[in-house]
Amino acid sequence: MKRVSELKSGDVIREKGVSFVVRLVLNREGGKTLIVFEDMPATEENMEAYGSLMKKMKELNENGKEEV
């Protein structure tokens with residue numbers, strides 16, 4: 001597993017069978033990381049997977065972890 005701060009452009013994160021391609025990663029002061037994904041269609045399946053990914057990221061952040 002990679003740490004969120006180690007992600008690079010072109011890396012892929014898979015959630016619920018959907019692949020999210022990292023477009024840009026900005027590591028900010030205070031340990032915060034901004035991830036921008038490549039555009040993709042807003043289908044029901046993609047939106048459900050994105051919501052699940054965001055929920056996991058929030059839980060990791062609240063627990064002081066950053067592995068994906």
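Buried here means under 20% relative accessible area, exposed over 50%, and partly exposed in between (1.4 Å probe, protein chains only). This is a predicted model, where local features need pLDDT of at least 70, side-chain atom pairs count only at pLDDT 80 or more, and totals for chains, interfaces and linings use all residues. Residues are numbered from 1 along each chain as its sequence is written, and side-chain values use heavy atoms, with hydrogens and water left out.

View 1. Helices (H or I, at least four residues) and strands (E, at least two) are DSSP runs, numbered from the N terminus. Asn46, Ala49, Ser52, Leu53 and Met57 are the buried ones to look for in H1. They sit on the same side of H1, because they cover an arc of only 135° around the axis (the arc of the directions from the helix axis to the C-beta atoms). Turned away from that buried side is a face with the exposed residues Glu44, Lys55, Lys58 and Glu62.

View 2. Strands E1 and E2 (residues 18–27) run antiparallel and are joined by four bridges; strands pair if DSSP finds at least two bridges between them. Glu15 stands opposite Val18 in E2. Two residues lie between the strands, and Lys16 takes a positive phi near 50°.

**View 3. Leu26 in strand E2.** Leu26 lies in strand E2. What is its relative accessibility? The value is 38%, so Leu26 counts as partly exposed.
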